[in-house]
2 protein chains.
Amino acid sequence: MSTHIPQGPARTRILGTATRLFYSEGVHTVGIDRIIAEAAVAKATFYHHFPAKDELVRAYLEAEFARQRDAVEALRATSTDPGATLVKIFENLGETGAGAAFRGCPFTNAAAEYPDPAHPVRQTIADYRRWSHTLFRDLLADIGHPDTDRTATILMMIRDGIVVGSDLDDPQALRAAIGEAVCRALRH
Amino acid sequence: MSTHIPQGPARTRILGTATRLFYSEGVHTVGIDRIIAEAAVAKATFYHHFPAKDELVRAYLEAEFARQRDAVEALRATSTDPGATLVKIFENLGETGAGAAFRGCPFTNAAAEYPDPAHPVRQTIADYRRWSHTLFRDLLADIGHPDTDRTATILMMIRDGIVVGSDLDDPQALRAAIGEAVCRALRH
DNA sequence: AGCAGACTAGACAGATCTGTCTGGTACTGT
DNA sequence: ACAGTACCAGACAGATCTGTCTAGTCTGCT
């Protein structure tokens, strides 16, 4: 029911289709043939825009990274209270985790399929995780938290726990525990 | 340097080789041909013991599940202090996470490659996660914690954070934060 | 008018995947 | 001595994978 005919230029269609399929079914299980079929694109066009499948995977994660950065940027622009921003980030995480289409974190899922830490895809994942940790640390510094670095690491744990647990356990029960988890993590 | 010639009966060799390869490189990237080659087993023998690859994946996770159950059982048998047991479980997690061969949680990694929640492999993963949550909840009850269920959920988050972060971030920095993370999670 | 660039359709190569099947060897218990 | 079991070696089928290549269409700019 949700198989829309993709719109716009070829590159956009490819990336949109790849995002949907890679996220919902995994990277290695989804072949190029399937992507070009569902994106309604010729094979030569695909390889014109992306020299190899791994480049598409990287572009998929890079786009997701940009999307999250923009969302956080928008959140920080509306609020001057860093504590509220922090809580809102985690509430949003729980909300998306409770959605039907949720299937975990695109970055950790991809990492599971790319074991080599030197691979370009893993570099993008590492960038994303450094950005996440820095984001938490900056917000904690803005709050005036005395233990920013270690607490940011603890918040990363909770973040990972939410995305993993929302996929594999009961997302509602998990969502109900997020507020308390963050609250306890911040206590020092 | 670590490619040992496998020992023992064929089934053990297959499962041992599969465990090593599936964990270090992923499930879909490792083919049957490679497993039978490194296990020094004939193809017919493989399919005699495991009717399909997915059955081997399931057996691999089931064996890992049993190993962890045994380890926890041994830990609970030596100590009568449930709080110390809980802390030790998390310390052990951080220790294995800091090891060179660590590549995240076998169960969450496998889940990333099996998107269908109804798949037998996902059932095993769900069993494992239910067991983990129940373990935490039982230990919290033994301590006399007033909020066992929600706190167990928070401990699950920290557990997931440790296994994900040990693989993708700096395992040493993460390990140094585990004690504090558990301590804050237990505070009520 | 004409040309460049983006696109489509699809054959093709070469590798690799899972799973089946044939045929032969070696050990073990009766 | 003999049946049963466990195993080995490897060919084979059929599907699927990534990536290349040929050949032709359509559109917009100059």
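Colleague: What should I know before I start looking?

Modeller: This is a predicted model, where local features need pLDDT of at least 70, side-chain atom pairs count only at pLDDT 80 or more, and totals for chains, interfaces and linings use all residues. Residues are numbered from 1 along each chain as its sequence is written, chains are lettered from A and ligands numbered from 1 in the order in which they are written, and side-chain values use heavy atoms, with hydrogens and water left out.

Colleague: OK, chain A. How many helices and strands are there in it?

Modeller: Chain A has 9 helices and 0 strands. Helices (H or I, at least four residues) and strands (E, at least two) are DSSP runs, numbered from the N terminus. Along the sequence that reads α-α-α-α-α-α-α-α-α. The C-alpha trace spans about 55 × 35 × 35 Å along its principal axes.

Colleague: Why is R122(A) called buried?

Modeller: Buried means under 20% relative accessible area, exposed over 50%, and partly exposed in between (1.4 Å probe, protein chains only). R122(A) has a relative accessible area of 7%, so R122(A) counts as buried. You'll find R122(A) in helix 7 (residues 120–143) of chain A.

Colleague: And what makes T153(A) buried?

Modeller: Its relative accessibility is 9%, which is under 20%, so T153(A) is buried too. T153(A) sits in helix 8 (residues 148–168) of chain A. T153(A) and R122(A) are 31 residues apart in sequence, and their C-alpha atoms are 20 Å apart in space. Across chain A, 48% of the 188 residues count as buried.

Colleague: Which residues is R122(A) in contact with, leaving aside its neighbours within four places in sequence?

Modeller: Contact means heavy atoms within 4.5 Å. On that count, R122(A) is in contact with A111(A), Y114(A), P115(A), D116(A), P117(A), D167(B) and L168(B). For T153(A), with neighbours within four places again left aside, the contacts are H133(A), L174(B) and A177(B).

Colleague: How much area do chain A and chain B bury between them?

Modeller: About 3,300 Å², with 62% of it on carbon and sulfur atoms. Buried area is the accessible area (1.4 Å probe) that two parts lose on being put together, summed over both. M157(A), L168(A) and R184(A) supply 22% of the area that chain A buries against chain B, more than any other three residues. In terms of contacts, 42 residues of chain A meet 43 residues of chain B.

Colleague: Now the DNA. Which residues come nearest to DNA strand D?

Modeller: Of the 17 residues around DNA strand D, those are I32(A), K43(A), K53(A), R13(B) and H49(B). A residue is near a strand if one of its heavy atoms lies within 4 Å of it. The largest share of that surface, 4 residues, comes from helix 3 of chain B.

Colleague: How do you know that K43(A) makes a polar contact with DNA strand D?

Modeller: A polar side-chain atom of K43(A) lies 2.7 Å from a base oxygen of DNA strand D, so the pair is within 3.5 Å and qualifies. I32(A) uses a polar backbone atom, 2.7 Å from a phosphate oxygen of DNA strand D.

Colleague: Where does the largest share of the surface near DNA strand C come from?

Modeller: From helix 3 of chain A, with 5 residues. Of the 18 residues around DNA strand C, R13(A), T45(A), H49(A), I32(B) and K43(B) come nearest. H49(A) has a polar side-chain atom 2.6 Å from a phosphate oxygen of DNA strand C, and for T45(A) such a distance is 3.2 Å.

Conventions: Polar contact = N/O pair within 3.5 Å; in protein donor to acceptor, adjacent residues only side chain to side chain.
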